[in-house]
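Thanks for making time this morning; I would like to walk through one model with you, going from domains to chain contacts and then to individual helix pairs. Please keep the sequence and the structure open while I talk.

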Amino acid sequence: MSTKKLYNLLAILMVTALAISACGSAATEAPAATEAPAATEAPAATEAAPTEAMEPVTITYFIDDNPTNVASAENQIAAFEAANPGIKVELETHPGGGEGDNLVKTRLSTGEMADVFRYNSGAKFQELNPEQNLLDLTDEAFQANVIDSFKPVVTANGRIYGAPEEAAMGGGVLYNKKIYAELGLSVPKSWAEFMANNEAIKAAGKVAVIQTFGDTWTSQLFVLADYYNVQVAVPDFAEKYTANQAKYATTPAALKSFERQEEIFKGGYLNPDFGAAKFDDGIRMVALGEGAHYPMLTFAIGAIAQNYPDNLADVGFFAMPGDDASKNGLTVWMPAAIYISKNTSHPEEAKKFLAFVASTDGCDARSGANGATGPYLIKGCELPADVPPAVADLLPYFQIDGGTAPALEFLSPIKGPSLEQITVEVGSGIRSATDAAALYDIDVEKQAQQLGLPGW
Amino acid sequence: MRNSQTLAFFMPGSGCKGRAKLTAATKLMSKSSAKHRMATVYPSWFYVPAGIVFAALFLVPTVASLFFSLTRWTLFDATFIGLDNYAQFFREPFLIQGLVNTLIYGVATSGMKVVIGMLLGVLLTSQIFARDYLRSVIFFPVLVSTVGVGITFTALMHPTQGAINETLGFFGIHGPGWLTDPRYALLSVALVDVWKGVGLATVIYIAGIVSIPQEYYEASEIDGANPFQKFWNITLPLARPATVTVIILSLIGGLRSFDLIWSMTRGGPGFTSDVVASVIYKQYQAGFYGLSTAGNVVLILLVAIIIIPLSAFLNKREVNL
Amino acid sequence: MKNFRKYLSGILAILVSGVIFLVPFAFIILMAIKDKKEASLRSFSLPATTHVWDNFVTVIETRNYMLVTAFINSCILTIVSVTILVIFGAMVGFVLQRQPSKWTRLVNYLVLAGLIIPPAVVPTIWVMQGLGLFKTMTGMILIEVAYGLSFTVLLFRQFVATIPREIDEAAIMDGAGPLRLFFQIILPLLKQVVITVIVVQSVAIFNDFTNPLYYLPGNKNVTVQLTLYNFQSQFNTSYNLLFMNILLITIPPLIIFLFFNRQIVAGLTAGAVKG
């Protein structure tokens, strides 16, 4: 190739590349330009004449990839779009667990968050730096629909930032009724009874406890769902914990939560693929009777309703047993919430979507996708008459005085980001319970310092 | 003169001032003026475009990292906390584990690439059938997406459903949990790293071996050397530059490795396959920017402390050879 | 007998290399053409039903043709970065080799530092935010250039050494200035190395996962590797689609491989061994 030709080739290459990149950036700018005027027109248009034909506004909705939440979101979106023809909602998923949490935080901090997103309430909500990143929703009309007990877990500095997306959940153990019937077992009310059941199941050659560390977040249930029992022993643990005066490693009742998980591993009750199995495998196993117990939150009942509707009647639920059979109660999770990113370009549409979700229409859409999984925190949302047996097992705890206690993350703003890796290690026998508790205390310290809490 | 006019047109800084200088210079037409002309043909400003980009996006951040690693940082405000981040880094068992794992991973991958690469290099420079095909097949994984390779091997290494364990089961061997057993997770990823990177090592070795003059081998054959002796006494020492290159390149890569580990295990199970690079990423994701940067500084120091003396040591001995 | 041994070892090598190096790619192809249920079994088996076109279309259409956008972004990133790298890197390599000056020692140290020292990511984000380059394609291009300069300069410096100075002198006698000398005389003689650099850096930048992960968050500028990574949760239970994605992004390197295999090897080895 002559020198002139090579020179020309390089020049052409550069010019072409620059042209492409210029066209590329122009293309990404154009839709933004056409959307901006549409966004400001939309609210006026829907007030005046809902049938005005115009460019639909698209808002993005970022959720985790758990099938229950995806199904629920899709149902809600379909119903919402039908009621609001000028607005389209685009769904985007991210992995669940710690990685997903971190993805959400990173996106918020780099200003790349979707318009609307779903995330936990309570301590994890506090980690999102709400005042900086989220839209204030205190004065929205739909807040009147939300039951008051929910509001504190999405409040920062007196302002409310979210709306409940799902039913309240219990954290405990899903169990297969058929195996229990076959072996003549009864629902355990104490840890000793639980372990006896496990022995019996193992002796019968079945998998006693299902664990699914392929989805690391599922490993936390033994520790987190045990909180009812912790606060029975140490009623002010949450306050002391927040003030750096009580720690997991040095509070025997709290340490026991880790020790319980260690006991399960040592007993050899786990399914052989516990290290790689995922949430989907877990619900399959408990529904089809491949395993007896699956420590999980009750929203999973919805996943079973979706994927194994014929076996829904075979699954029951009981709270995580503690030392004392007479003091058996349920650790309760407030539902996840749906939030609006502060720098969204479509705040009005986003608020409309939230209003929809926080209404009876929203509840119905969720129930329509997954069936009932627990009590809703929206006024007027009734549960259908026939609920799955697992939900029927869940409700009585709410009806007894003192039968429930919120999980720690709803009483304290600190939850360490690495808990799920630590519980995987305990549940896999890699680390002892005492070590793990101490490790978690150190992990929590980072979070507390980052939040700027006094006393740390 | 024609020369001075042409020169005035092409040389930088030409103009009225330049032209006066040039005419004076060309009048002399001595060797020193010719050399002066040569010197300005390699102008220092050629360094500038690259220099600006490199300084702004590499040097400045690297220097800044030393400062920010001593702070609690939110990207918007930084509170100075001295060496607390480092104290935390070395106090948290899972952060120390990352450091240890990084060393294990770097040494393991580098070692395997050197040995296997050398053996393959010898094999593929011998008179073997379908040599070109073999060279291509071994090199192709180097070019493929690391994330893709990670996902593929994660599926192949599934403890109960993966093809590897199914094949082993066929022979009656109970395959381990490659990525789920804490004892093996890191090494399994290292094996995949070697699978992907050995082609590059092999190619470097091939070039090194091919450059060894045939006379050495012919002479040794006259002396009655067998293949092993030929390898040990001729190939190995004379392929030394290739060995040094492979060691250094693969060690740097191994110590800094992130993509494959992240896409296969995310540092799990638990923290057992975390390396410094994945720790840095996790802390960044969780928003602990100061701690993440401290981890970065630890990685920089780790790589520098290992590579620089090693490189000097290996190269020095080469000169003596 | 010698011939027999040669063939035997050759065939053995082909078999072993086939199993170790080709089987994973066969697995990718098999998974990519199965349907969802079969793919979820993760077994190395022939598909009962093939869905090449269906899977292909589904993957392309996912999330508003995200993969297509990603391909375009990755191509822009690769082409522009490599072009700039070749020009800037050759300029530095050229002057570095030809003109020893007070800068030479410093530049050599910086080149080595660039090869060894891992980049400080969070401070780089901070710098890019200050310069308004964070989350932009321009910023990403400059990052790839900055990180690729050391290797490129090294290669060019070594090859410029093989060009005799007489050529320079002849050109200067003819009245060439630095720019003309560089672009019209030297660069064409470096064709071999330019091709090597283009090929090696193109593959590296196209396959780059970590840097866009940190510096190009967001969906507008997503690259091919990030799309694959994000689709892991999108295709949580659809392994067939995930592997179709892998197959699709393996095609560009495959094309580069088929065309430039010899040049890569030749260029890399000459540069590397001279050390």
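Let me begin with a definition, namely that the domain bounds I use come from an automatic or database domain assignment. What you see is a predicted model, in which local features need pLDDT of at least 70 and side-chain atom pairs count only at pLDDT 80 or more, while totals for chains, interfaces and linings use all residues. Residues are numbered from 1 along each chain as its sequence is written, and chains are lettered from A, with ligands numbered from 1, in the order in which they are written.

In chain A, that assignment gives domain 1 as 52-166 + 335-370 and domain 2 as 169-333 + 392-451, and the C-alpha centres of these two domains lie 27 Å apart. For contacts, I take two residues as touching if their C-beta atoms, placed from the backbone, lie within 7 Å, and by that criterion 16 residues of domain 1 of chain A meet 19 residues of domain 2. On the domain 1 side, the elements that give two or more residues are α2 (67-83), α3 (97-109) and α4 (123-126) of chain A, where helices (H or I, at least four residues) and strands (E, at least two) are DSSP runs numbered from the N terminus. That side of domain 1 has five nonpolar, eight polar and three charged residues; here Ala, Val, Leu, Ile, Met, Phe, Trp, Tyr, Cys and Pro count as nonpolar, Asp, Glu, Lys and Arg as charged, and the others, Gly among them, as polar.

Staying with chain A, five strands form an open sheet of mixed pairing in the order β2-β1-β3-β12-β6, two strands being paired if DSSP finds at least two bridges between them. Which strands stand at the edges? They are β2 (87-94) and β6 (162-164) of chain A, each of which has a single partner strand, so one side of each is left without a neighbour in the sheet. From one strand to the next the twist averages 25°, with angles running from 0 to 180 degrees between N-to-C directions and axes being lines fitted to C-alpha atoms, for helices over the stretch in contact. Within this sheet, β1 (residues 57-64) and β3 (residues 116-119) of chain A run parallel and are joined by two bridges, and A:Tyr61 stands opposite A:Val116 in β3(A). Helix α14 (residues 347-357) of chain A packs on the sheet, where α14 touches β1, β2, β3, β6 and β12 (337-340), and its direction makes about 165° with that of β12(A).

Now to the contacts between chains.

Chain C itself has twelve helices and zero strands, and its C-alpha trace spans about 75 × 70 × 30 Å along its principal axes.

I will close with two helix pairs. In chain B, α10 (residues 185-210) and α13 (residues 240-256) pack at an angle of about 160°, with their axes 8 Å apart, and they are therefore roughly antiparallel to each other, a label I give to angles over 145 degrees, with those under 35 counted as roughly parallel, 65 to 115 as roughly perpendicular and the rest as oblique. Among the residues making this contact are B:Gly197 and B:Ala201 of α10(B) and B:Pro241 and B:Ala242 of α13(B), and the whole set divides into seven nonpolar, four polar and no charged.

In chain C, the axes of α3(C) and α11(C) come within 8 Å and cross at roughly 155°, so these two helices are likewise roughly antiparallel. Their contact includes C:Thr62, C:Met66 and C:Phe71 of α3(C) and C:Val224 and C:Phe231 of α11(C), with six nonpolar, four polar and no charged residues by class.
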